[in-house]
Amino acid sequence: MPRPRTKGTQAHKGATMDDSKKTQEVLRQWSDKAVETMTVWADAQQRVLRELVEVSATTAKEGTRLYAELQQNAIETLRESQAAAIRWQAAWPEDPRNVAAWYQQAVIESVDGAQKTLRLLEGNVQAITRSVERLQSGAEHAGKGIQETLNTVAAKMKDLSSQN
């Protein structure tokens with residue numbers, strides 16, 4: 001024969017249902033916070049990676065630009081040295097009595113060649129300096145972007161942790 005239900009059993013059953021609903025609500029809130037936290041961090045990772053990829057692309061592009069400029073200067077130096085060799089050969093005295101004039105011309109050519117070489121080296125140094133300045137500017141921009149992203153993440157995480 002079935003047991004008659006008493007008031008105590010009904011009250012206990014109601015309390016159990018309330019506890020179950022509260023537990024489900026707490027689990028839902030935790031789940032919502034976990035999803036929101038993961039979304040914040042995924043967004044932050046995407047922004048940071050975007051900045052790093054941009055810096056990497058800029059670095060590669062700048063390296064290529066610098067390499068091309070240095071190669072151009074190297075070719076110019078090679079042309080100049082070949083032209084100097086041809087000038088020296090053409091200036092070789094056929095008359096042995098004119099050797100002093102040839103030496104004088106050789107010294108002038110040597111000094112001129114050294115000056116041209118130093119100007120080309122100066123051009124290389126300037127190209128490297130410009131390249132480094134552009135790279136520094138890009139790195140600073142990326143650093144600021146990453147810092148802003150992390151500041152945003154920190155603020156969002158504070159908001160999430162302060163919510164009940």
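Biologist: Leaving aside its neighbours within four places in sequence, which residues is Glu109 in contact with?
Modeller: Arg87 and Trp88. Contact here means heavy atoms within 4.5 Å. Before we go on, this is a predicted model, so local features need pLDDT of at least 70, side-chain atom pairs count only at pLDDT 80 or more, and totals for chains, interfaces and linings use all residues. Residues are numbered from 1 along each chain as its sequence is written, and side-chain values use heavy atoms, with hydrogens and water left out.

Biologist: Fine. Where is Glu109, and is Glu109 buried or exposed?
Modeller: Glu109 sits in helix H2, residues 99-162. Glu109 is buried, because its relative accessible area is 16%. The cut-offs are under 20% for buried, over 50% for exposed and partly exposed in between, with a 1.4 Å probe and protein chains only.

Biologist: What share of the contacts between residues at least 6 apart in sequence joins residues at least 24 apart?
Modeller: That share is 82%.

Biologist: Back to charges. How many salt bridges does the structure hold?
Modeller: Eleven. A salt bridge is a side-chain nitrogen of Lys or Arg within 4 Å of a carboxyl oxygen of Asp or Glu. Side chains of opposite charge can pair when their charged atoms come close.

Biologist: Which residue does Glu69 meet in a salt bridge?
Modeller: Arg130, at 2.6 Å, N to O. That pair links distant parts of the chain, with Glu69 in helix H1 and Arg130 in helix H2, 61 residues apart. Glu69 is partly exposed at 25% relative accessible area, and Arg130 is partly exposed too, at 34%.

Biologist: What does Glu62 pair with?
Modeller: Glu62 forms a salt bridge with Arg65, 2.9 Å from N to O. They are three residues apart in helix H1, so about one helical turn separates them. Glu62 is buried, with a relative accessible area of 4%, while Arg65 counts as partly exposed at 40%.

Biologist: Changing topic: how many cavities of 30 Å³ or more does the structure hold?
Modeller: One. The largest cavity has a volume of about 40 Å³. On a 1 Å grid over the protein atoms alone, a cavity is a set of points where a 1.4 Å probe fits but cannot get out, and lining residues have an atom within 4 Å of a point. Grid points are joined across faces, edges and corners, and the volume is the space filled by probe spheres set on the points.

Biologist: What lines the largest cavity?
Modeller: Val40, Asp43, Ala44, Arg47, Thr149, Thr152, Val153 and Lys156. Helix H1 (7-91) and H2 each supply at least two residues of that lining.

Biologist: And by class?
Modeller: Three nonpolar, two polar and three charged residues. Ala, Val, Leu, Ile, Met, Phe, Trp, Tyr, Cys and Pro count as nonpolar, Asp, Glu, Lys and Arg as charged, and the others, Gly among them, as polar.

Biologist: Last one: what separates the C-alpha atoms of Gln71 and Asn124?
Modeller: 9.6 Å, with the two 53 residues apart along the chain. Gln71 is in helix H1 and counts as partly exposed at 36% relative accessibility. There's also Leu121 in helix H2, whose C-alpha is 9.4 Å from that of Ala74, 47 residues apart along the chain.

Methods:
Helices (H or I, at least four residues) and strands (E, at least two) are DSSP runs, numbered from the N terminus. On a 1 Å grid over the protein atoms alone, a cavity is a set of points where a 1.4 Å probe fits but cannot get out, and a pocket is an open set with protein on both sides within 12 Å along at least five of seven lines; lining residues have an atom within 4 Å of a point.
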